[in-house]
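Colleague: Could you take me through one part of this model closely, namely its nonpolar core, and then relate the annotated positions and a few backbone details to what you find there?

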Amino acid sequence: MNWIEYSIMINKEAEPVVTALLNELGANGVVIEDSSELEKGHIDVYGEIYELNPKDYPEHDIRVKCYFNELVFTDSLEQEIKDSIAHVEGINSEILSFSKTIIKESDWENEWKNYFHPFKASERFAIVPSWEEDTYDNQDDDLCIKLDPGMAFGTGDHPTTSMCLKHIEEVVKPNHKIIDVGTGSGILSIGCHLLGVQSIKAVDLDELAIKVAKENFEKNNCEQDILAETGNLLTEETEQYDVIIANILAHIIDLMIEDSYARLNDNGYFITSGIIEEKSDEIIEKLKETGYTIEKVLREDGWVSIRARK
Ligand SMILES: C[S@@+](CC[C@H](N)C(=O)[O-])C[C@H]1O[C@@H](n2cnc3c(N)ncnc32)[C@H](O)[C@@H]1O
């Protein structure tokens, strides 16, 4: 089976809404190539400054690349993507353009290897792809999440994920019981496990995500402690948790706020992310109305992540 790499040129301001839309329309993996990255000095995990390859970046604005299984990427889906993005508020139609490439299954792994290198996602967590595991020099004693991106969202380089990792490293304790809703690659569950948590449930609506998450749990030797299964938000949950994590999208998080409150123990944490700036006040208001105290709000590149406390 082949994959479709769909590339979309957009203006920077539209990035959060466009990536959110692509995730909603079923994209498996979204990569952002930002021309302004080329101008920054990048420091690798060894503290060395390195240069990005200009070939991988657009000369101006932002290129969003997203990936679809060729069987689902129909003409009507392509049209729906074009129409939805053309109607995004603030989209610059002079910059907007679309292009499509077919990636053979056999080339897929190498394609990711070009993009994906070890990096620090937060104070304590580093993300290390399996093919660089043996050569990674862990000078800072980072907690290393071994990850191959596969076809599920969650490589740690998206601000919505790294902001969750920042909340997690601040509040999660080994005795906590945790549910990771919309686990994707399983990255946040692996992070919790590295902090010593032994009771974790990871759910996702998407069967493929659960398959990839399980593979990643095995790579991190935590498959014994994490129960991974398909599920829709918290609708089928009957147990109580100390921490509920959900990096999805504002309108989906909205649907689970009341259930999250009911499923949390007193003083428990609800860590949410995937909320675009424009929706954050609405979500914060609803969290407060439900009974939560807002403990910390992180913001990055137009995305907001909220830590609420019961
Ligand atoms: C943005 S990704 C987050 C992945 C990972 N947790 C991270 O932080 O990088 C959102 C995930 O939520 C899943 N999802 C979307 N709607 C869902 C629902 N109603 N119930 C459970 N999972 C859902 C998607 O399949 C996707 O894997």
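Modeller: In this predicted model, the largest nonpolar core has 72 residues, and those with the most contacts inside it are Val18, Ile178, Val181, Val243, Ile244, Ile245 and Ile253. This core draws at least three residues from each of domain 1 (3-115) and domain 2 (119-309). Taking Ile178 as an example, and setting aside residues up to four places away in sequence, one finds that Ile178 touches Cys192, Val197, Ser199, Ile200, Tyr241, Asp242, Val243 and Ile245.

The annotated positions can be taken next. According to UniProt, in an unreviewed entry, the feature "binding site" falls at Thr161, Gly182, Asp204 and Asn247. Gly182 sits in the loop between β10 (177-181) and α5 (187-194), and Gly182 counts as buried because 26 C-beta neighbours lie inside 10 Å, where 20 or more is the requirement. Apart from its neighbours within four places in sequence, Gly182 is in contact with Asp204, Ala246, Asn247 and Ile248; of these contacts, Asp204 and Asn247 also carry the "binding site" annotation in the UniProt record. Thr161, by comparison, is part of helix α4 (residues 159-171), and Thr161 is buried because there are 26 other C-beta atoms within 10 Å.

Most residues other than glycine have a negative phi. Asp141, however, has a positive phi near 60°, and Asp141 lies in the loop between β8 (125-128) and β9 (143-146), where Asp141 counts as exposed because its C-beta neighbours inside 10 Å number 8. Asp301 likewise is not a glycine and has a positive phi, of about 50°; the residue is placed in the loop between β15 (293-300) and β16 (303-309), and Asp301 is partly exposed, with 14 other C-beta atoms within 10 Å.

Key: Residues are numbered from 1 along each chain as its sequence is written. This is a predicted model: local features need pLDDT of at least 70, side-chain atom pairs count only at pLDDT 80 or more; totals for chains, interfaces and linings use all residues. UniProt positions are given in the numbering used here, feature names are shortened, and annotations may be inferred rather than shown by experiment. Helices (H or I, at least four residues) and strands (E, at least two) are DSSP runs, numbered from the N terminus. A residue is buried if 20 or more other C-beta atoms lie within 10 Å of its own, exposed if 12 or fewer, and partly exposed in between; C-beta atoms are placed from the backbone. Two residues are in contact if their C-beta atoms, placed from the backbone, lie within 7 Å. A nonpolar core is a set of buried Ala, Val, Leu, Ile, Met, Phe, Trp, Tyr and Cys residues joined through C-beta atoms within 7 Å. Domain bounds come from an automatic or database domain assignment.
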